[in-house]
Amino acid sequence: MSKEQKEYDLIILGGGAMGLSAAWQGAIRGKSVLVLEQLTFYNQQGSTAGDSRQFRLQYSQAYMSKLVLQAIPEWDQLQSYTDTQLVGKQGCLWFGNPNLPTEEGGVGPAIEVMDQLHIPYEPLARAEIEARYPFKDLPSNTVGFLQKYGGMIDVPATLHTLLQVAASHTAVTLRDHSPVTGLEGRANGVIVHCGDMRYFGSRLIITPGPYVNDVLRPFGLELKIDIWDMASAYYKMTEDIAETPTWFVFENRPGVVDGQKVNEGLFYGFPEASWSHPGYLRVAPDFPGRIISDPSQRSKEPSKKDIELTDKWVREHMKGLVPEAEFTSTCLIALPLDPDKLMFLDQAPPGVPGRENIYVYAGGWGAKLIPLIGKILVQLALDGQTSYDISPFAITDADLTVTADIGHGTAAKGPGGRLPNEMSPLLQLDPGMAPGKELEIDVAIVGAGVSGLYSGWRLLTGHYRSGGAAPFQTGDKPRVHVFELSGRVGGRLESIHIPGSDLVGELGGMRYTDQMKMVYSLVPKLGLLPKPFPMGNTDKNLFYLRRQRFTADSWGKPGFHSRYFLDPQDQGKSPDDLFTQVCNRVIMMDNQKYPQNLREWNDLTKVLRYRFSGPDHGKLLWDMGYWNLLENQLSFEGYQLCADGGGYFSNTINWNAAMALPYMAGDFSGPVTYYTLNGGYDQVPIQLGIDFVRAGGKIWAGNKLVTFERLEPASGYRYALRILNRSTGEYWTVKTNRLILAMPRRSLELLDQESFFFDVNRASTVQDDIDSVIIEPSFKLLLGFEMPWWKILLGLESGESITDLPMRQCYYFGIDPENSHSLLLSSYNDMRTVPYWSVLENSGPGRHVRRFQPRGTRLVPAETWETFPLPQAPADMVDHVMDQLAQVHGISDLPQPYTAFYKDWSEDPYGGGYHAWKAHYKVWEVMPRMRKLRPEDDVYICGEAYSEQQGWVEGALNVAELMLQEHFDMTWPADWLEEGYYLGW
């Protein structure tokens, strides 16, 4: 977000609320600041997961209430930067047993502190609480109070404001996806290793939340903390519940979690929040579902028991709510083991080299102190002292565990000590070879795309019908490794974070729908955060066809005529209308019932016949081409409108007509709700890879499968894989009993075709099945603009505009709400337009690629591009697409972009961006056969190419899951995927 330096006054590890607060305070002091966040900013895997927190003045400890009072001016200063209210004034209601002490305090002790500090409050009896607020049937000993200055913190708005305020200072550098791989404490500062970068900071501030021991452990030290895996739930309102405060109830219900005594009678809640599930109230238990020692052990799903207890409390004691949770989430909270210590805020402990330059915040519920803690940390770092009383939070010897005697060395390596994957910093990838150049494992998976990583993750974390051991030789947990040709994971999902914007551009797959239950359910299982993928407004988004420019709502309007010579009955209809019309006609003419789901479509696919006159009369649809069908139904001009105006040529090629109908009806005709992910869609394979490695798997990057052969039974293994390590140029051997080829068609064709498996003389049906799909080339060109000219000049917000020019489609990916830097997917095209762009690469023999020259903006100094890891698109591509953008939008002098990136998915090893089934194939027979092409071999194929939802992540997941259940004895993943969801053939 700003100029990179190698030396900083302050380096901050952890880009959550506390780290960003410290960055803001450091900038106010005029210091140069570097923030390193191992995940993404706004991630949901730390202490700031979720959308709301309580702001309260009352505590059982007077020093805590004093700190909150001192934090109010700092909140006011932060509030001055934004019009969005950060802390609401709804009030804070506490009630319950007045004599019950807890880690959160208690009603009686809090009243004593408020009296001592002259904090006003209104005492309330049980009857008053039930009359004024949505509570009922409270215990007879219930008393409480309302503290009117309490309220609700808007966590996303607070994080966003802190990030934008920090980014507005040119001396602040913010880097996400930047895990620390080493620290060196020096007398005059600290050296931080981050991948292949090396930064020097005069002072270091550590704010990693529950990950604090990941930083301290390499020094042989750990803070004594428990990490609570907390749950939260949202309940639908059945009536208008007005003026609800935040609240906390104290009841005594002893329980035990992971061997520790907890009180399961503590709950808290929030009023309706406009920014998070409007129409719902959030209620949460204030006790852990699990108590863990490391964040990697988190469940990512709330404890079923916690939600059941919360449902029960809502059912018994709340009014106006449906008593079953509809949305749930989790959060990690690190708590000191010392019950009298609410958090740690101090200099680094003895044993950490250079501790006099290192300061730590960790533990506790500190959201109400966010702007103050940042200020305190900066005072400590720059002044060596603070004006606030933090003595209760000192780190003492009693708070530490010595894990190793490493003395006072000058360097410590981070977890694993390896460089991270270029697109996934938490992912441990091994670019080398096995010692001795030979490896023996149970399952080898080739391809680190979605289906390959999903398969590995399921094999190591799922359950088996046999109890676990039957499919493998080495006990309950198999040895599973993934081999990937490239240096990254994700396959055809590739998200890009461009300097100058918090927005994410997608160079590969970019969205899914709520009907795609595998993706839809897997996303929360992985702890990822979905968000809507908006498709814009029909009164703004454009069509530009045959040099005619009009808005997407023009179809069917009186007087509107496109420049296509359509049959009278088709005049005025949009391409989507025509796709739907054709589908309905064909089904009705064959006297078939219109399918309502994929299972019914599959049944229809086998029997649907074409009943119209013409060359294809009487044919089964799977035995004819979709282009043939469309032209017969619509005329050539109608077909041409569908091809041009549908946005994708791949939809209208001559692929299997029976497979085309449900695809077009389900995805491209009629209203569809799309989603993507915060941080980019490639977070799905990245998180799968992280969890796979954490479960004991291994990913070998830059290692290419060349061929494989059968072994003699005496060897103990069925197959030997010949692997080429691309960095050394050497070959090595992997022995395995099972081989999963998670690869598209072109990647399969690049393997040794003379091997026993592919040899056409010995395996003709194998080759025929592999050849059953069409490879569909695709290309994307992404531009970054300093200002969103499409919104300023035309009012375009999001979604797509479509043209018959070679750019075909552009997507308005979004506008940074604070600084207006914007992303435009300026060209998304496929099939016959891809060569138009590939020739502009200037990559022929002896040709030098003239790259687009990125430029600096007010937020992105030109020097940023000197070290940016991805190359710019060829300048000729940018020139051509800018000319076409001007034609589509009717603007002759468009602003120029400041950066440009592209991806041609037709290049090897992918061959194309997606696939389509060829005509004349009985797909219901080929699909299951592809998952185990040769019955006598334990070699399996999975991925999007040979699925029913080609071009979608859902297809890759469906076939992988079918393969695992059919051939690996795996049970249904009932903990996150609804029973009975139809996976297809």
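**Cores, strands, rings and loops**

Modeller: Gladly! This is a predicted model. In its largest nonpolar core, which has 158 residues, the members touching the most other members are Tyr454, Leu459, Leu621, Tyr626, Phe708 and Leu741. A second, separate core has 72 residues, among them Ala22, Phe55, Leu163 and Ile205.

Biologist: Which residues is Tyr454 in contact with, leaving aside its neighbours within four places in sequence?

Modeller: Tyr454 is in contact with Met518, Leu522, Leu688, Leu957, Ala960, Glu961, Leu964 and Trp976. As a general background, nonpolar side chains in soluble globular proteins tend to be buried together.

Biologist: What makes you say that both faces of strand S17 are covered?

Modeller: Look at the residues on each side of strand S17, residues 266-269. Leu266 and Tyr268 are on one side, Phe267 and Gly269 are on the other, and all are buried.

Biologist: Which strands does S17 pair with, and in which sense, parallel or antiparallel?

Modeller: Strand S14 (residues 246-250) pairs with S17 in the antiparallel sense over four bridges. Strand S18 (residues 280-285) and S17 are also antiparallel, over three bridges. Two strands pair if there are at least two bridges between them, so four bridges meet the rule, and so do three. Tyr268 has Phe248 as a bridge partner and stands opposite Ala284 in S18.

Biologist: Why is the pair of Trp622 and Trp924 called edge-to-face?

Modeller: Two values decide it. The ring centres are 5.9 Å apart, and rings pair if their centres lie within 6.5 Å. The planes are at 85 degrees, and over 60 counts as edge-to-face, so the pair gets that name. Trp622 and Trp924 are both buried. They are 302 residues apart: Trp622 is in the loop between helix H12 (598-607) and helix H13 (626-645), while Trp924 is in helix H22 (residues 923-931).

Biologist: How do you know that the charged end of Arg722 sits over the ring of Tyr731?

Modeller: The distance from the ring centre is 3.8 Å, and the distance part of the rule asks for a value within 6 Å. Lys780 likewise lies over the face of Tyr828, at 4.4 Å from the ring centre.

Biologist: What makes an open sheet out of S32, S36 and S33, and what is their order?

Modeller: The order is S32-S36-S33, with antiparallel pairing. Strand S32 (512-513) and strand S33 (530-532) are the edge strands, each pairing on one side only. S33 pairs with strand S36 (residues 674-677) over three bridges, and Lys531 stands opposite Thr676 in S36.

Biologist: Is Glu494 called buried or exposed, and why?

Modeller: Its relative accessibility is 7%. Buried means under 20%, so Glu494 counts as buried. Glu494 is in the loop between strand S29 (480-484) and strand S30 (495-497), and its side chain makes a polar contact with the side chain of Lys903 at 3.3 Å.

Biologist: Why is Leu870 called partly exposed?

Modeller: Leu870 has a relative accessible area of 21%. Leu870 lies in the loop between helix H20 (864-867) and helix H21 (875-889), and, not counting residues up to four places away in sequence, touches Ile496 and Phe901.

Biologist: What about the phi of Asn591 and Met831?

Modeller: Most residues other than glycine have a negative phi. Asn591 has a positive phi, near 55 degrees, and Met831 has a positive one of about 55 degrees. Asn591 is at 70% relative accessibility, so it counts as exposed, the cut-off being over 50%. Met831 is at 18%, under the 20% limit, so it counts as buried.

Biologist: Which residues does the cis peptide bond join?

Modeller: Asp908 and Pro909, with omega about 10 degrees. Pro909 is in the loop between strand S47 (899-904) and strand S48 (914-917).

Note on methods
Residues numbered from 1 in each chain as written. Predicted model: local features only at pLDDT ≥ 70, side-chain atom pairs only at ≥ 80, totals over all residues. Heavy atoms only, no water. Buried < 20%, exposed > 50% of the residue type's maximum accessible area, 1.4 Å probe, protein only. Contact = heavy atoms within 4.5 Å. Core = buried A, V, L, I, M, F, W, Y, C linked by side-chain atoms within 4.5 Å. Phe/Tyr/Trp six-rings, centres within 6.5 Å; stacked < 30°, edge-to-face > 60°. Lys NZ or Arg CZ within 6 Å of the ring centre and 35° of its normal. Polar contact = N/O pair within 3.5 Å; in protein donor to acceptor, adjacent residues only side chain to side chain.
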